[in-house]
Amino acid sequence: MIRWAERFIATPSVSTDGNLAIAEQAAILLQELGFAPRIEMTLHEGVEQANVVAEAGRGEDPGVLLLTHLDTVPPGDHAAWTATGGDPFRPTREGDKLFGLG
């Protein structure tokens with residue numbers, strides 16, 4: 001999971017830029033976990049946003065998993081990201097802590 005958390009941090013997902021890149025990463029993770037994800041696009045305030053829907057075949061009740069809110073707020077002043085060397089999208093580990101925007 002740490003590897004995946006680092007991948008998610010390294011994938012820019014600022015809401016004003018759209019979230020397709022992070023949705024694609026989430027879909028890959030879900031595929032690895034045995035789900036059959038699909039990405040559905042929508043337009044929100046003039047920006048294309050993605051939702052990831054994943055279904056797993058489990059008999060008569062397949063279940064549905066919907067991942068939403070994959071976007072992040074803008075990082076603000078990059079200089080304030082001291083733990084990541086000024087890059088909010090650079091996952092940085094310090095001991096048992098992981099720093100980055102995501």
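The secondary structure of the protein comprises 2 helices and 5 strands, where helices (H or I, at least four residues) and strands (E, at least two) are DSSP runs numbered from the N terminus. Along the sequence these elements follow the pattern α-α-β-β-β-β-β. The model is a predicted one, in which local features need pLDDT of at least 70 and side-chain atom pairs count only at pLDDT 80 or more, while totals for chains, interfaces and linings use all residues. Residues are numbered from 1 along each chain as its sequence is written, and side-chain values use heavy atoms, with hydrogens and water left out.

Of the 102 residues of the protein, 30% count as buried, a term that denotes under 20% relative accessible area, with exposed set at over 50% and partly exposed in between (1.4 Å probe, protein chains only). Among the contacts (heavy atoms within 4.5 Å) with a separation of 6 or more, 41% are accounted for by residues 24 or more positions apart.

Beyond its neighbours within four places in sequence, A27 is in contact with P37, I39 and V52.

Helix 1 (residues 2-10) and helix 2 pack at an angle of about 160°, with their axes 10 Å apart; axes are lines fitted to C-alpha atoms, for helices over the stretch in contact, and angles run from 0 to 180 degrees between N-to-C directions. The two helices are therefore roughly antiparallel to each other, given that angles under 35 degrees count as roughly parallel, over 145 as roughly antiparallel, 65 to 115 as roughly perpendicular and the rest as oblique. Their contact is made by R3, W4, R7 and F8 of helix 1 together with I22, Q25, A26, I28, L29 and E32 of helix 2. The buried residues of helix 1, which are W4, E6 and I9, pack against helix 2, strand 4 (92-94) and strand 5 (97-99).

W81 lies in the loop between strand 3 (64-67) and strand 4. Not counting residues up to four places away in sequence, W81 touches P75, G86, D87, P88, G100 and L101. The C-alpha atoms of W81 and F99, 18 residues apart along the chain, are separated by 9.0 Å.
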